[in-house]
Amino acid sequence: MRLLTLLLLSLPALAMAEPVHIPGPQGQLEAEMVAVDRAGHVIIIIPGSSPTDRDGNSPQMGLSTDTYKLLAEAFAEQGIASLRIDKRGFYGSAGAISDPNNVTIRAYAEDVRDWAAYASIVAPCVWLAGHSEGGLVALVAAQDAPENLCGTSAPHDRPLLL
């Protein structure tokens, strides 16, 4: 019995994935949240340019890698929660704006700041990580940083702590 207890205590915190929503400009924005029990940190994963979904796939370009999803699962194994967002106008956030080609980096950054406010209910320390255009969005969002923002990932994987 003691061995079973030790094994259970050594397992990573349980993680649950579920879609979550916040208000967008014309409709709801959607993300996939991987909540982790007692998480101290949550990372918001911001997709890059093109119609890339929250999992890191871009069917129009023939990409089906699940890169962001795999990253979120790896974070969960380390006790870090995550939000993988769909950009306004695409996929689960398609109804948030009528024309997904009529969006600015500043508008995406506003959405990320709203996601950061939401993420603060998941964990007290929020991090931003973006690929390609998503990295730029993270840096712009951090210029007017939400109170609970602990840091962001700058281009070329060099951390920029706030």
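A disulfide here is a pair of cysteine sulfur atoms within 2.5 Å. Keep in mind that this is a predicted model, where local features need pLDDT of at least 70, side-chain atom pairs count only at pLDDT 80 or more, and totals for chains, interfaces and linings use all residues. Residues are numbered from 1 along each chain as its sequence is written, and side-chain values use heavy atoms, with hydrogens and water left out.

**Exercise 1.** Find which cysteines form a disulfide, and say where they sit.

*Solution.* Start with the count: the structure holds one disulfide. Its partners are Cys125 and Cys150, with sulfur atoms 1.8 Å apart. Strands are DSSP runs of E with at least two residues, helices are runs of H or I with at least four, and both are numbered from the N terminus.

**Exercise 2.** Decide whether Cys125 and Cys150 are buried, partly exposed or exposed.

*Solution.* Take the cut-offs: buried is under 20% relative accessible area, exposed is over 50%, and partly exposed is in between (1.4 Å probe, protein chains only). Cys125 has 10%, so this residue is buried. Cys150 has 27%, so this one is partly exposed.

**Exercise 3.** Work out what the buried residues of α4 pack against.

*Solution.* First list residues: in helix α4 (residues 133-143), the buried ones include Gly134, Val137 and Ala141. Then look for contacts (heavy atoms within 4.5 Å). The buried residues of α4 pack against β3 (41-46), α3 (105-119), β5 (125-130) and β6 (149-153).
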